[in-house]
Amino acid sequence: EDRSKVFTIGHWTDAKHSGITFKTDDITFEILRAESGLRPAPYFAIRGMKWIQQYSDTDLSDKTLKGYLTQSYRMAFANLTKNKQRELET
């Protein structure tokens, strides 16, 4: 049984703005949803999931974005079985 979890989805094109979508906690979702260039991820948000999509330029620094992606990874990692967690840690 594969219980892998997704924590981020990237979209790169030749266009000026590529996109990245990532899982958030409730508080981060409420904060980021109102930021310029960010929005609740359309597919996920209509299902009540807390995912944010960067769709254009934002004021987020690379360091800040990396922090949100790390948080997203940790949330997904916590949902894995203990065996899968140990497998990924090695």
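Guide: The following conversation sets values against definitions, one topic at a time.

Guide: This is a predicted model, in which local features need pLDDT of at least 70 and side-chain atom pairs count only at pLDDT 80 or more, while totals for chains, interfaces and linings use all residues. Residues are numbered from 1 along each chain as its sequence is written, and side-chain values use heavy atoms, with hydrogens and water left out.

Visitor: What is the average pLDDT of the chain, and where is confidence lowest and highest?

Guide: The pLDDT is the predictor's confidence in each residue, from 0 to 100. The chain averages 82, and 86% of the residues score at least 70. Strand β1 (residues 8–11) has the lowest confidence, at a mean of 72, and α1 the highest, at 93. Where pLDDT is low, the predicted coordinates should not be read in detail.

Visitor: How many helices and strands are in the chain, and what makes a run of residues count as one?

Guide: Helices (H or I, at least four residues) and strands (E, at least two) are DSSP runs, numbered from the N terminus. The chain has four helices and four strands, in the order β-β-α-β-α-β-α-α from the N terminus on.

Visitor: Why is T24 called buried?

Guide: Buried means under 20% relative accessible area, exposed over 50%, and partly exposed in between (1.4 Å probe, protein chains only). T24 has a relative accessible area of 3%, and therefore counts as buried. T24 is found in the loop between β2 (19–23) and α1 (26–32). Leaving out residues up to four places away in sequence, T24 touches F29, K50, I52 and M75, where contact means heavy atoms within 4.5 Å.

Visitor: Why is K50 called partly exposed?

Guide: K50 has a relative accessibility of 29%, so K50 counts as partly exposed. K50 lies in the loop between α2 (42–45) and β4 (51–54). Although K50 and F29 are 21 residues apart along the chain, their C-alpha atoms are separated by 6.1 Å. Not counting residues up to four places away in sequence, K50 touches F22, K23, T24, D25, D26 and F29.

Visitor: Is L80 buried or exposed, and how do you know?

Guide: L80 counts as buried because its relative accessibility is 11%. L80 lies in the loop between α3 and α4.

Visitor: What makes a set of residues a nonpolar core, and which residues make up the largest one?

Guide: A nonpolar core is a set of buried Ala, Val, Leu, Ile, Met, Phe, Trp, Tyr and Cys residues joined through side-chain atoms within 4.5 Å. The largest has nine residues: I20, F22, F29, L32, L38, I52, L65, Y68 and L69. The buried residues of α3 are L65, Y68, L69, S72, A76 and F77. In soluble globular proteins, nonpolar side chains tend to be buried together.

Visitor: Why is the pair K84 and E87 called a salt bridge?

Guide: A salt bridge is a side-chain nitrogen of Lys or Arg within 4 Å of a carboxyl oxygen of Asp or Glu. The closest N and O atoms of K84 and E87 are 3.5 Å apart, and the pair forms a salt bridge. K84 and E87 are three residues apart in helix α4 (residues 82–89), so about one helical turn separates them. K84 is partly exposed, with a relative accessible area of 24%.

Visitor: How many salt bridges does the structure hold?

Guide: The structure holds two. R33 and E30 also meet in a salt bridge through their side chains, at 3.6 Å from N to O. R33 is partly exposed at 39% relative accessibility, and E30 is partly exposed at 44%.
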